[in-house]
Amino acid sequence: MSAIELFWLGLLLGAALASIAAFFLWRRSVDKLGRLLCFAGHEINTPLTAVNMTALNFLSGVFGEFPQDQMKWMQLMRAQTSRMGSIVGELRDLIHYVMRRDLVIYVESCSIQDAVEGVVRAVGSSVAETDVKVNLEIGAVPPVMADPDRLFRTVSSMLFHARKFRAGGDITILSRALPGEVETVIVYQGSKMSAEEAERSLELYYPAVRRPNQQLCSVGMGLGVLRIIARLQGGDFGFGVDPDGLSRLMLRLPTTLKPPAVAALRPS
């Protein structure tokens with residue numbers, strides 16, 4: 001091998017080693033930033049939980065009789081702090097999934113009915129302030145394998161998405177049993193949208209896409225995060241819009257842990 005060939009070989013080898021070193025240094029920096037942001041999310045969620053529990057105790061009468069003329073404001077406080085807690089949870093999941101690549105979801109047997117009713121109790125007053133009626137059509141469906149906290153967050157995000165982009169009419173939450181899974185659907189009358197745009201709205205970075213206007217395109221961390229979380233639990237998430245604007249947010253979760261499972265059973 002000639003001296004020139006050795007020179008170029010050494011140059012290419014050096015560039016390759018430098019690139020590998022730069023990549024690992026970048027990943028280390030990203031991982032450190034991810035840990036810091038996760039820590040910040042935990043710190044934000046701690047006072048939110050305290051305020052939410054305080055509001056719940058006032059509403060439950062733990063601190064004595066609460067004035068009726070102030071009840072709606074306390075209900076609003078509980079609804080918004082609960083919603084903020086859900087958004088922080090989605091943000092932490094996003095950080096673990098994208099930046100740290102270590103998101104693991106532990107599942108257990110959960111009731112869809114309990115999750116939906118819990119969301120409506122916690123944040124329903126905030127939705128109702130826009131004069132929206134939320135109809136529940138939750139049938140006798142089997143339990144699903146899911147993380148209970150993330151199930152609450154997902155249903156909460158679905159409900160707030162329907163509230164934000166509703167063009168008129170009521171919001172309906174229904175469920176049905178399918179072979180090996182349960183589908184929960186939130187139906188509302190939204191704006192007309194092409195099938196392509198509805199599918200794009202499920203992409204992870206859809207809320208960050210540059211737009212010619214400042215129109216809000218999503219709520220929370222976006223529908224893409226909900227789809228990732230559903231899939232990591234062995235289910236799926238979808239969004240469909242009819243030609244007349246009738247919109248459906250669809251969450252499907254398995255009734256048994258699917259092998260090979262992405263999610264893991266919660267340790268006892």
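Guide: What follows goes from the chain to its helices, pocket and cavities.

Guide: This is a predicted model, where local features need pLDDT of at least 70, side-chain atom pairs count only at pLDDT 80 or more, and totals for chains, interfaces and linings use all residues. Residues are numbered from 1 along each chain as its sequence is written, and side-chain values use heavy atoms, with hydrogens and water left out.

Visitor: What does the secondary structure of the chain come to?

Guide: Six helices and eight strands. Helices (H or I, at least four residues) and strands (E, at least two) are DSSP runs, numbered from the N terminus. The order from the N terminus is α-α-β-α-β-β-α-β-β-α-α-β-β-β.

Visitor: How much of the chain is buried?

Guide: Of its 268 residues, 38% are buried, meaning under 20% relative accessible area with a 1.4 Å probe, protein chains only.

Visitor: And what share of contacts joins residues at least 24 apart?

Guide: It is 73%, among contacts between residues at least 6 apart in sequence. A contact is heavy atoms within 4.5 Å.

Visitor: Switching to α2. Why does its end-to-end distance agree with its length?

Guide: Helix α2 covers residues 71–100, and its 30 residues should span 44 Å at 1.5 Å a residue; the end C-alpha atoms are 42 Å apart, so the two agree. The expected span is 1.5 Å times one less than the number of residues. Just after α2, R101 has a positive phi of about 55°.

Visitor: Now the largest pocket. How much space lies in it?

Guide: About 650 Å³. Of the 24 lining residues, N45, G85, S86, D149 and R153 are the closest to its centre. On a 1 Å grid over the protein atoms alone, a pocket is an open set with protein on both sides within 12 Å along at least five of seven lines; a cavity is a set of points where a 1.4 Å probe fits but cannot get out; lining residues have an atom within 4 Å of a point. Grid points are joined across faces, edges and corners, and volume is the space filled by probe spheres set on the points.

Visitor: Which helix gives the most to that pocket lining?

Guide: α2, with 10 residues.

Visitor: How many cavities are there of 30 Å³ or more?

Guide: Three. The largest cavity holds about 40 Å³.

Visitor: Which residues line that largest cavity?

Guide: E90, D93, R150, R153, T154, V225, L226 and I229. Helices α2, α4 (148–165) and α6 (223–232) each supply at least two residues of this lining.

Definitions and conventions
Buried means under 20% relative accessible area, exposed over 50%, partly exposed in between (1.4 Å probe, protein chains only).
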